[in-house]
Amino acid sequence: MQPTPPVAGQFKRTMKARHLVMLSLGGVIGTGLFFNTGYIIATTGALGTLLAYLIGALVVYLVMLCLGELAVAMPETGAFHVYASRYLGPATGYTVAWLYWLTWTVALGSSLTAAGFCMQYWFPQSPVWLWCLIFCTAIFLLNIITTRFFAESEFWFSLIKVVTILAFIVLGGAAMFGLIPMKDGTPAPFLHNLTSSGWLPNGTLPILMTMVAVNFAFSGTELIGIAAGETETPEKVVPLAIRTTVIRLMVFFIGTVFVLAALLPMDQAGIVKSPFVLVFERIGVPYAADIFNFVILTAILSAANSGLYASGRMLWSLVHQRTLPAYFARVNARGIPINALAFSMLGGVLALLTSVIAPDTVFVALSAISGFAVVAVWLSICAAHFAFRRDYLRSGQPLAGLKYRAPGYPLTPIAGFALCLLACIGLAFDPEQRIALYCGLPFVALCYLLYYLTRRAGQKTLLKIGEDHVG
């Protein structure tokens, strides 16, 4: 007898703990860390960048604690909007789903733009949009083979990134203290660049202004919640993934940013060329800049790979909340929601705007919009966790009944919510990122409006069907 192919509504639980941890790391270690860090250093200075990333790490930790309790109690594919619908209202859940779809679809565009920057390092005369088109096709093909193949490829992509980050910290630290000479013969910088422009050369406001850029760099950790519905024994795997992910992010991000800020003067940082490549162009290690540019390229494509996975699953989940046509829920014989993935590739098309607009301008704008959307989703996670625990306790159920409990309730969700809200306010003070508010706030309003319009239309259709049946 032939096996029955999966139908809409069925995903296979094929992901293991190592897949989930590496999927989350893969989503995080990408465009934000490898390119946005240069923008943050140039805006806030070395110490300001370290402070911004420390605050960002705290925000991620608080959000992940909230998400962990929700994901273990209710493992769902497309988790965030399900929790928001249940505890904050269906219109909010609908909006959160589209915001998270927007996060990764737009991030796909910024990742492809960054990949184009990487290729221009070797092919300076080639247009960025051409590389965007090539990589767009490759990422789509990776996602439509099988979930298991996707998870395995992401595992190895992420492993390369982890090894690279560790190598950068070791080699960069050695150059910082003079164990590896600088290429131009200048003395080892030690900690000079951390204070050469003053402790906070532009004051404290730029730290607030760049918080969304920092959060964009950390975005991807919440993929643990997305993948919980396709994970074996989520009550064991999800808490493990949260602990290991947060610890590794602290080591990787703070260690990396410290080395970057120490080796790269504030006035030389930017986004057109990765700050990692700039650093290794200054260090006397043969071919180091080329090697790191290649690894950064694979890292960015890995993050795009994770992003397309997440946005496709979010559309699939929206269908099962009856807010999108069934067309998006169809899965092929291998259990892949191919229609949802194809629609989510629209974000990659945004990267082609680099052919008519300056690539660096497109990159900052796309990063800011994606950052705003993910911070809005984080806001909903904190609010949903607060409401979930409150309702759980009010129902009289024992706290011991929760297989995973976020410590510090209610302070944890309240502090996470407040810091995320502060990051969104910071966008208003940065002219380069303000476009995120101009696009993001109307997008939120449009989602609420569309929810009520589609719900009303659906109710009229059901009423008419009922009248016809009676007649």
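Biologist: In which helix is the place of Ala 73?

Modeller: Ala 73 sits in helix α2; helices (H or I, at least four residues) and strands (E, at least two) are DSSP runs, numbered from the N terminus. This is a predicted model, in which local features need pLDDT of at least 70 and side-chain atom pairs count only at pLDDT 80 or more, while totals for chains, interfaces and linings use all residues. Residues are numbered from 1 along each chain as its sequence is written, and side-chain values use heavy atoms, with hydrogens and water left out.

Biologist: Why is Ala 73 called partly exposed?

Modeller: Buried means under 20% relative accessible area, exposed over 50%, and partly exposed in between, with a 1.4 Å probe and protein chains only. Ala 73 has 39% relative accessibility, so it counts as partly exposed. Its C-alpha is 7.9 Å from that of Glu 235, which is 162 residues away in sequence.

Biologist: What makes Thr 186 partly exposed, and where is it found?

Modeller: Thr 186 has a relative accessible area of 37%, so it is partly exposed as well. Thr 186 is in the loop between α6 (147-176) and α7 (192-195). Between the C-alpha atoms of Thr 186 and Arg 282 there are 9.6 Å, and along the chain 96 residues.

Biologist: Why is Thr 256 called buried, and what does it touch?

Modeller: Thr 256, in helix α11 (residues 234-263), has 0% relative accessibility and therefore counts as buried. Contact means heavy atoms within 4.5 Å. Leaving out residues up to four places away in sequence, Thr 256 touches Leu 33, Ile 165, Phe 168, Ile 169, Val 251 and Phe 276.

Biologist: What makes Val 319 and Leu 301 buried?

Modeller: The value for Val 319 is 10%, so Val 319 is buried. The value for Leu 301 is 13%, so Leu 301 is buried too. Val 319 and Leu 301 are both in helix α13, which covers residues 288-319.

Biologist: Why is helix α9 called largely enclosed?

Modeller: Eight of the eight residues of α9 (residues 211-218) are buried, so the helix is largely enclosed by the rest of the structure. Among them are Met 211, Asn 215 and Phe 218. After α9 comes Gly 220, with a positive phi near 125°.

Biologist: What makes a set of residues a nonpolar core, and which members of the largest one touch the most others?

Modeller: A nonpolar core is a set of buried Ala, Val, Leu, Ile, Met, Phe, Trp, Tyr and Cys residues joined through side-chain atoms within 4.5 Å. The largest has 146 residues, and Phe 35, Tyr 53, Trp 98, Phe 218, Phe 253, Trp 378 and Ile 381 touch the most other members. Helix α2 (residues 31-73) gives the most to this core, with 21 residues. Trp 98 touches Leu 315, Leu 318, Leu 324, Phe 343, Phe 443 and Cys 447, not counting residues up to four places away in sequence.

Biologist: How do you know that the peptide bond between Tyr 409 and Pro 410 is cis or trans?

Modeller: Omega is about 5°, and the bond is cis. Most residues other than glycine have a negative phi, and most peptide bonds are trans. Pro 410 lies in the loop between α16 and α17 (411-426).

Biologist: How many helices and strands are there, and what percentage of the chain is buried?

Modeller: The chain has 18 helices and zero strands. Buried residues make up 58% of its 471 residues. Of the contacts with a separation of 6 or more, 82% are between residues 24 or more positions apart.
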